[in-house]
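The sequence and the model are shown first.

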Amino acid sequence: MTATATLPSLDGRRFGMVSSTTSAVDPDAPSVFEYFERDGAIWGGYEGDTVTFGKFVGTRTGDTIWVSFVHVLVADGTVVTGDGESEIELTEDGRLRLVEHYEMHGLPQLSVCEEVPAA
């Protein structure tokens with residue numbers, strides 16, 4: 001994490017998808033993302049309602065992350081790749097939110113994920 005970051009590390013945090021322009025989000029079983037962060041590097045994995053599994057790797061500069069991702073769709077087994085940039089925000093109740101801008105299927109997309117409280 002760089003010295004310009006104002007929000008805490010993503011390391012060990014889990015995020016649930018709240019909305020996406022790519023697909024409908026199942027509010028009872030959304031895709032869940034697990035993040036790891038060290039020395040400006042970001043990596044992790046995800047799975048959920050529309051993907052059997054996915055992996056990502058990238059960097060953090062300040063409160064912005066950039067990642068490349070790959071995942072397999074539940075619907076037909078298609079492998080999807082892409083990259084994107086996310087702004088890290090703070091919710092009113094003190095959790096972290098990721099506002100993700102990425103390209104998929106040749107079109108700009110937007111997803112929002114919010115930190116899942118620790119069980």
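## Strands and hairpins

Two strands pair if DSSP finds at least two bridges between them. Helices (H or I, at least four residues) and strands (E, at least two) are DSSP runs, numbered from the N terminus. This is a predicted model: local features need pLDDT of at least 70, side-chain atom pairs count only at pLDDT 80 or more, and totals for chains, interfaces and linings use all residues. Residues are numbered from 1 along each chain as its sequence is written, and side-chain values use heavy atoms, with hydrogens and water left out.

Strand S4 (residues 51-61) pairs with S3 in the antiparallel sense, over six bridges. Three residues separate S3 from S4, and the two strands form a hairpin. Within this pairing, Gly44 has Phe56 of S4 as its bridge partner. S4 also pairs with S5, again in the antiparallel sense, and here there are 10 bridges. The bridge partner of Val57 in S5 is Ser68. S4 and S5 form a hairpin with two residues between them. Gly62, in that turn, has a positive phi of about 60°.

## Aromatic pairs

Rings of Phe, Tyr and Trp (its six-membered ring) pair if their centres lie within 6.5 Å; planes under 30 degrees apart count as stacked, over 60 as edge-to-face and the rest as tilted. There are six aromatic pairs in the structure. Phe33 and Tyr46 form a stacked pair, because their ring centres are 4.7 Å apart and their planes are at 25°. Phe33 belongs to strand S2 (residues 32-38) and Tyr46 to strand S3 (residues 41-47), so this pair ties together parts that are 13 residues apart in sequence. Buried means under 20% relative accessible area, exposed over 50%, and partly exposed in between (1.4 Å probe, protein chains only). Phe33 is buried, at 8% relative accessible area, and Tyr46 is buried at 8% as well.

The rings of Phe69 and Tyr102 have centres 6.1 Å apart and planes at 90°, so that pair is edge-to-face. Phe69 lies in strand S5 (residues 64-73) and Tyr102 in strand S7 (residues 96-104), and the pair links distant parts of the chain, 33 residues apart. Both Phe69 and Tyr102 are buried. Ring pairs also link Phe15, Phe33, Tyr35, Tyr46 and Phe56 into a cluster.

Ser20 is part of strand S1 (residues 14-20) and is buried, with a relative accessibility of 18%. A polar contact is a pair of N or O atoms within 3.5 Å; within protein, one must be able to donate a hydrogen and the other to accept it, and residues adjacent in sequence count only if both atoms are side-chain atoms. The Ser20 side chain makes a polar contact of 3.4 Å with the side chain of Tyr102, and another of 3.1 Å with the side chain of Ser111.

Contact means heavy atoms within 4.5 Å. With neighbours within four places in sequence left aside, Ser20 is in contact with Val25, Tyr102, Leu110 and Ser111.

## Salt bridges

A salt bridge is a side-chain nitrogen of Lys or Arg within 4 Å of a carboxyl oxygen of Asp or Glu. By this rule there are seven salt bridges. One of them joins the side chains of Glu115 and Arg13 (2.7 Å, N to O). Glu115 is in strand S8 (residues 107-115) and Arg13 in the segment before S1, so the pair ties together parts that are 102 residues apart in sequence. Glu115 is buried at 12% relative accessibility, whereas Arg13 is partly exposed at 22%.

Asp63 forms a salt bridge with Arg60, in which the closest N and O atoms are 3.0 Å apart. Asp63 is buried, at 15%, and Arg60 is buried, at 2%. The side chains of Asp93 and Arg95 also meet in a salt bridge (3.1 Å, N to O); Asp93 is exposed, at 54% relative accessible area. Salt bridges link Glu89, Asp93, Arg95, Arg97 and Glu114 in a network.

## A positive phi at Asp39

Most residues other than glycine have a negative phi. Asp39 is not a glycine, yet has a positive phi of about 55°. Asp39 is placed in the loop between S2 and S3 and is exposed, with a relative accessible area of 73%.
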